[in-house]
Amino acid sequence: MAKVFYEDILVGEVLTNRSLTVEEALEAIGFDEAKFIEEQGFDDIDPNDFRVEY
């Protein structure tokens, strides 16, 4: 299982049998950037602050 984080915020989880890039993991969980920004009260997000943990 891979967990996708933005800074320390758990964005989602995906079950996988291989390593994923951040972009692949975000696509697999159906990440909606606009919704995430609104829910978290951010003005914008930095794509470099995402990480995947296994």
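Which residues form a negative surface patch? The patch is made up of Glu7, Asp8, Asp32, Glu33, Glu38, Glu39, Asp43, Asp44 and Asp46, where patch residues have over 30% relative accessible area and no salt bridge, and like charges are joined within 9 Å.

Before going further, please keep in mind that this is a predicted model, in which local features need pLDDT of at least 70 and side-chain atom pairs count only at pLDDT 80 or more, while totals for chains, interfaces and linings use all residues. Residues are numbered from 1 along each chain as its sequence is written, and side-chain values use heavy atoms, with hydrogens and water left out.

Asp32 counts as partly exposed because its relative accessible area is 41%, the class between buried, under 20%, and exposed, over 50%, with a 1.4 Å probe and protein chains only.

Turning to salt bridges, meaning a side-chain nitrogen of Lys or Arg within 4 Å of a carboxyl oxygen of Asp or Glu, the structure holds three. In one of them, Glu13 pairs with Lys3 at 3.8 Å between the closest N and O atoms; this pair links distant parts of the chain, strand E2 (residues 9-14) and strand E1, ten residues apart. Glu53 pairs with Arg51 at 2.8 Å.

Finally, Phe5, in strand E1 (residues 2-6), is buried because its relative accessibility is 14%.

Notes:
Helix = DSSP H or I, 4+ residues; strand = E, 2+ residues; numbered from the N terminus. Patch = residues over 30% accessible without salt bridge, like charges linked within 9 Å, V, L, I, M, F, W, Y side chains within 5 Å. Areas by Shrake-Rupley, 256 points an atom, 1.4 Å probe, with all protein chains shown as cover. Lys, Arg positive; Asp, Glu negative; His and termini not counted. Charge placed at Lys NZ, Arg CZ, Asp CG, Glu CD.
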